Amino acid sequence: MPVALAETSGAGTMTMASLLSIITEVFTAATGWMGSVAEIVVANPLFLIPIVFTFIGIGITLFSRLLRV
């Protein structure tokens, strides 16, 4: 799905409608990519291990910063 990043009106200026259209296309594509990644992770639970360790590390970091304040 190609995204037209320079869609302009006849005068050569980008309109608000075309800008919103581009943002919508990019957001829709990103949502599709996240869905694909989620399907892969659900199919292979082994991919969850790094994600869980990352959340544990973030939790430990935030808790230690909370204790220092």
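Predicted model: local features only at pLDDT ≥ 70, side-chain atom pairs only at ≥ 80, totals over all residues.
View 1. Of the 69 residues in the chain, 6% are buried. The secondary structure comes to 2 helices and 0 strands, and the views that follow look at parts of these elements.

**View 2. Helix 1 from end to end.** Helix 1 takes in residues 16-43, which is 28 residues, and at 1.5 Å a residue these should span 40 Å.

**View 3. The buried residues of helix 1 and their cover.** Ser-18, Ile-22, Ala-29 and Val-41 are the residues to look for here, since each of them is buried in helix 1. Helix 2, made of residues 48-68, is included in what covers the buried residues of helix 1.

**View 4. Ser-18 and the backbone of Thr-15.** Ser-18, which is found in helix 1, has a relative accessible area of 7% and therefore counts as buried, the limit being under 20%. A polar atom of the Ser-18 side chain lies 2.9 Å from the backbone oxygen of Thr-15.

**View 5. Thr-31 and the backbone of Phe-27.** Thr-31 also lies in helix 1, but its relative accessibility is 36%, so this residue counts as partly exposed, between the limits of 20% and 50%. The side chain of Thr-31 has a polar atom that lies 2.8 Å from the backbone oxygen of Phe-27.

**View 6. A nonpolar patch on the surface, with Leu-62 as one of its members.** Leu-46, Leu-48, Ile-49, Ile-51, Val-52, Phe-53, Phe-55, Ile-56, Ile-58, Ile-60 and Leu-62 together make a nonpolar surface patch of about 1,100 Å². Leu-62, whose place is in helix 2, has a relative accessible area of 54%, and because this is over 50% the residue counts as exposed.

Definitions and conventions: Residues numbered from 1 in each chain as written. Heavy atoms only, no water. Helix = DSSP H or I, 4+ residues; strand = E, 2+ residues; numbered from the N terminus. Expected span 1.5 Å × (residues − 1). Buried < 20%, exposed > 50% of the residue type's maximum accessible area, 1.4 Å probe, protein only. Contact = heavy atoms within 4.5 Å. Patch = residues over 30% accessible without salt bridge, like charges linked within 9 Å, V, L, I, M, F, W, Y side chains within 5 Å. Areas by Shrake-Rupley, 256 points an atom, 1.4 Å probe, with all protein chains shown as cover. Salt bridge = Lys/Arg side-chain N within 4 Å of Asp/Glu carboxyl O. Polar contact = N/O pair within 3.5 Å; in protein donor to acceptor, adjacent residues only side chain to side chain.
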